[in-house]
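Take a look at the model below.

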Amino acid sequence: MPHHLRRRALPAIGGAALAALIAAAALPAAQAQDDPEPLDAAPAAALAGGDSILNMFEWNWNSIAAECAGPLADSGYTYVQTSPPNEHILGEDATPGEENAWYIHYQPVSYELESRLGTRAEYANMVAACEANGIGVIADVVINHMAAGSSTETRYGWNGSEYRQFYYPDAGYDASDFHNTGSAYCEIDNYQDRNEVQNCHLVGLNDLDTSQADVRETIAAYLNDLTSIGVAGFRVDAAKHISATDLDAIMDLATGDPYIVQEVIGAAGEPITEAEYTGIGDVQEFSYSYDLKNHINGSSEARHLTTMGTSWGYTSPAGVFVANHDTERGSLTMNYKYGQDYLLAEAFMLAYPFGTPASYTGYEFANSHAAPPLNSDGSVADAVCGTGAFTCVHRSPYMSGMAGFRAATAGEAVVNAWGSGDALAFGRGDTGHAVVNAGSSSITQTFTTSLPNGSYVDVISGSTVTVSGGTFTATVAAKTVLAIYAGNETGGGGETGTKDCVTVNATVSGTSVGDEVYIVGSIPQLGNWTAISSAHLSGATYPVWKGTISVPAGTTFQYKYVIVRSSGSYTWESTGNRTATVPATGCLNLTQTWNVA
């Protein structure tokens with residue numbers, strides 16, 4: 001699928017310090033000071049309205065490549081975002097007691113594409129593999145600062161590059177390329193002081209003097225190296241700590257028209273605002289994620305979400321998210337530990353047209369600095385869904401399926417909005433309709449819709465919803481979503497016909513709210529042993545889970561049923577693989593019960 005790029009229009013630190021900085025940035029401040037001159041910039045960047053990003057935090061390059069060629073190819077996501085690809089400090093040089101922490105990727109030693117996530121060749125292969133499946137790659141780039149180096153000891157990065165404080169020869173920097181060295185050294189303490197925020201050092205991370213032409217050129221060369229191997233855009237870490245004038249000048253040196261989204265954590269009354277950066281590209285809107293938590297998991301009713309937008313004080317153009325690698329380790333947003341509420345928020349974000357959404361998938365953690373799963377050599381282990389720490393929550397229909405809903409409803413306005421308590425619904429023009437029930441009990445409602453008459457397949461459950469005369473009636477269980485769209489009808493785009501198909505009626509008990517059941521197996525139509533949206537079974541007639549999958553006549557395959565828990569973990573049938581063959585005519589009918597040892 002095409003990548004609809006247009007003219008381009010808080011760093012990670014120790015866990016406790018990071019949480020404190022994010023919390024401080026979100027609090028109102030006393031007063032503003034000296035606003036900057038407006039930028040003479042190109043129009044702000046944006047992806048197309050149907051595009052969506054999946055932030056694959058700490059997934060290594062080979063695992064992302066495999067996911068692009070597998071489950072993501074069958075999803076609606078059009079971009080993946082990688083963790084920073086630059087060379088970084090060694091895990092042993094993180095804050096004492098936090099060895100191998102995730103944030104070492106945000107402490108660059110050089111701009112070589114060699115890290116514990118993989119090599120340059122593996123990164124390039126990943127970009128090519130994703131592109132071959134219609135998925136662009138956005139790189140998280142750390143260009144505000146370099147690693148916290150010692151003033152007395154030479155250390156070495158992941159790929160062997162030496163560094164000391166204000167000295168990074170393999171990146172091309174010495175002390176003359178940094179702000180406030182020697183006796184002028186200062187660290188950021190007062191976020192009311194623009195000069196301090198943008199010219200002093202953030203908890204020891206050495207702040208680059210981006211007003212200098214040679215520093216700008218060095219950074220731009222790094223960005224251009226990434227675009228030369230096919231990277232389609234950048235998420236700019238710690239953009240707030242770079243003046244908008246300097247960042248705009250750097251991006252003017254970037255080749256092509258990369259998508260740009262910038263991390264600028266705004267706070268009322270602070271002198272540095274998100275609006276300063278909108279002429280460069282999208283700006284991440286942190287308040288959006290705070291509000292999602294408050295309305296889905298907090299004290300405010302979910303029905304109000306159908307009015308989200310600039311009237312809520314949000315910046316535009318905005319990059320929006322439910323959680324990212326920083327916020328999921330704090331208390332202001334949700335994370336995978338919130339289970340079904342997290343999935344409801346992801347589904348709503350993908351269905352609702354404000355901003356460019358970036359979904360998030362990462363790994364389980366017990367503290368704010370926890371490392372991802374590592375190999376014995378310190379490199380990040382492959383992501384294996386269903387076992388280990390990687391949540392793989394993105395494979396849920398609440399995410400991958402709803403990314404498809406977003407793509408199908410691109411450019412369509414919100415219509416026929418409805419809300420009651422913690423339930424809400426809205427249409428997207430005459431192409432789609434979504435219902436979100438964040439409440440604790442089911443709802444039954446007749447909804448007004450602009451969808452044409454027909455029978456549609458619910459993205460989440462796989463059940464059929466019939467639209468007639470501009471309405472449909474549905475019962476939506478507590479903490480679930482219903483989403484239908486044109487092109488995903490029974491007898492239409494989703495038709496499996498009367499042959500080449502497998503119909504499933506599987507009795508599976510022991511599930512909880514938010515769990516989903518899939519048939520998986522040894523063939524692509526069943527995900528090659530991975531849960532995919534097209535092999536999802538509906539729980540509308542629980543405990544019998546039903547679905548129909550298109551499989552060519554004569555195909556013999558092995559299979560099992562699997563429960564994908566609301567946390568993203570897998571529970572498999574405990575006995576051996578089943579085997580079946582699709583008949584030459586008619587459907588293969590599987591009426592079975594979950595196997596236990």
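The protein chain carries 24 positive and 62 negative side chains. The centres of these two sets lie 9 Å apart. Keep in mind that this is a predicted model.

Now consider the overall build. The chain has nine helices and 30 strands. Its radius of gyration is 25 Å, close to the 25 Å that the globule rule gives for 597 residues, so the chain is as compact as a globular protein of that length. Along the principal axes, the C-alpha atoms fill a box of roughly 80 × 50 × 40 Å.

Next comes the surface. The accessible surface of the protein chain is about 20,500 Å². Carbon and sulfur atoms account for 48% of that area. Of the 597 residues, 57% are buried.

Zoom in on helix α7, which spans residues 286–296. This helix is mostly covered, with nine of its eleven residues buried. Among them are Phe 286, Tyr 288, Asp 291 and Lys 293. Look also at the start of α7. There, a side-chain oxygen of Glu 285 comes to within 3.2 Å of the backbone nitrogen of Ser 287.

Is Leu 292 buried or exposed? Its relative accessible area is 0%. Buried means under 20%, so Leu 292 counts as buried.

Which residues does Leu 292 touch, leaving aside its neighbours within four places in sequence? Its contacts include Leu 305, Met 308, Phe 321, Val 322 and Phe 348. Thr 431 is 139 residues from Leu 292 along the chain, and the C-alpha atoms of the two are separated by 25 Å.

How values were computed. Residues are numbered from 1 along each chain as its sequence is written. This is a predicted model: local features need pLDDT of at least 70, side-chain atom pairs count only at pLDDT 80 or more; totals for chains, interfaces and linings use all residues. Side-chain values use heavy atoms; hydrogens and water are left out. Buried means under 20% relative accessible area, exposed over 50%, partly exposed in between (1.4 Å probe, protein chains only). Helices (H or I, at least four residues) and strands (E, at least two) are DSSP runs, numbered from the N terminus. A polar contact is a pair of N or O atoms within 3.5 Å; within protein, one must be able to donate a hydrogen and the other to accept it, and residues adjacent in sequence count only if both atoms are side-chain atoms. Contact means heavy atoms within 4.5 Å. The radius of gyration is taken over C-alpha atoms; the globule rule is 2.2 Å times the number of residues to the power 0.38. Accessible areas come from the Shrake-Rupley method with a 1.4 Å probe; for residues, only the protein chains shown count as cover. Lys and Arg count as positive and Asp and Glu as negative; His and the chain ends are not counted. The place of a charge is taken as NZ of Lys, CZ of Arg, CG of Asp or CD of Glu.
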